[in-house]
Amino acid sequence: MMKTKNNIYLLYFYLFFAQLFFDRALWVIYLGDKGMTFGEIGILEAFLHLAIVLFEVPTGMIADLYGRKVSLVIGNVFSLLYGLFMLMSGSFSMFTLAFLSMGLMVTFHSGAEQAFAYDSLKDEKREKDYTRVIGSMTAISLLSLSLAKFIGGFMAEISWEWVYGATIVTHVLALFPLFFMKEPEREKTEDIGGRWYNQWVHQFKLGVAVWRNNTVIHQPVVLFVLASAVMVIMVFYGQEYFIQLGYSPVVVGAVFTIEGLLGVVMAKVAYRVEARFKFFNILYYGLGLFLFFFILFIFATDWAILVSFLILAQLLSLFEPIFSSFVQGFLKSNIRSTFLSLIGLMESFVIMISFPLFGFAIERTGFTDGFAGLLLLFFVLAGGYLVVERLKMERKS
């Protein structure tokens, strides 16, 4: 009993150190200082998501077949490699290695952290606490990342070596709580015999079967993936956008620090929102608010742009723990990481395509037209999908 309780606290400590990436609000600026164009930056981000697309599901299966702790340790090693390659990089090829390392880090962490938490709670028959716990995990991650963004701005004023050297040190520290975690009990996938890849193919089929057999999760997953991809683009290209609006790197770091701190609050109150409102009401009203503030972000001026950006980020921070809890209810422990990795795969595929296209677009049209085009694309894809789903439901009835 004590072991699983310690797991949750150790996971909190791990997340704090693992999210200390001091370049998160500044890496686009750093790459620009190193001579990279927006198009090249977009391609580098696409490489990151290419690594996720290729390895997201296999690494999710590693977490289910061999253990979540193994997956987290390997992922943290790739975090160290990211910091090292960024510190050494001065060419596009070296930056490519850095971003591929970051992508592999994401794949080994994706799903494993949530599955680790859920199964630890399941051992104690506390599954009902999952939304609160995942909200705390999200809050700690955001608090840590916000702190890193804020400190990173000051470090960048001194030297970029400080930014990436500190990232390496903190991810060495992140390994320590991992060593004290105990693997929670989980259902085992049946051994089908044959070579190792036969077992992996079987695991993949189990994940696909969850999607096929639970149509109720389709709308939330698709809308979450699209909104998450939009926010990734807005956050990372927003760094340079705010610079062009006349803000210094320190101010940009402060804006993203505020965004993260507000996200802490949203993540912590998510379980209260979940308890008060029906899931699909949260989904649809949240979508409407997301579209409204997206429009305001594009066409507003000065401070209203920053406020709109902050609210957009908070909508996603609030919804993510609720979404995770909803999906977890359809999963068995032997398929938990695999299916969550499938969601990550869909998200990364969308980002891999859209991120570099957006980079090339703003080089030619500017940020305003670029964000307007992104809004139009999001509206067409999300609205079109909802219409198609509604037509399918009407046909069935």
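Helix 4 passes helix 5 in a left-handed crossing, meaning that the near helix is turned anticlockwise from the far one by less than a right angle. This is a predicted model, in which local features need pLDDT of at least 70, side-chain atom pairs count only at pLDDT 80 or more, and totals for chains, interfaces and linings use all residues. Residues are numbered from 1 along each chain as its sequence is written, and side-chain values use heavy atoms, with hydrogens and water left out.

**Packing of helices 4 and 5**
- The axes of helix 4 (residues 68-88) and helix 5 (residues 92-109) lie 8 Å apart, at an angle of about 160 degrees.
- Helix 4 is therefore roughly antiparallel to helix 5 (an angle over 145 degrees).
- Residues of helix 4 that meet helix 5 include L72, F78, L81 and F85; among their partners in helix 5 are F95, L97, M102 and F108.
- The residues of this contact (heavy atoms within 4.5 Å) divide into 17 nonpolar, six polar and no charged.

**Helix 5**
- The 18 residues of helix 5 should span 26 Å at 1.5 Å a residue, and the end C-alpha atoms are 26 Å apart, which agrees.
- Buried residues (under 20% relative accessible area, 1.4 Å probe, protein chains only) of helix 5 include F95, F99, M102 and F108.
- Just after helix 5, G111 has a positive phi of about 85 degrees.

**Helix 13**
- Among the buried residues of helix 13 are F279, L287, F290 and I298.

Definitions and conventions. Buried means under 20% relative accessible area, exposed over 50%, partly exposed in between (1.4 Å probe, protein chains only). Helices (H or I, at least four residues) and strands (E, at least two) are DSSP runs, numbered from the N terminus. Axes are lines fitted to C-alpha atoms, for helices over the stretch in contact, and angles run from 0 to 180 degrees between N-to-C directions. Angles under 35 degrees count as roughly parallel, over 145 as roughly antiparallel, 65 to 115 as roughly perpendicular and the rest as oblique. Ala, Val, Leu, Ile, Met, Phe, Trp, Tyr, Cys and Pro count as nonpolar, Asp, Glu, Lys and Arg as charged, and the others, Gly among them, as polar. The expected span of a helix is 1.5 Å times one less than its number of residues.
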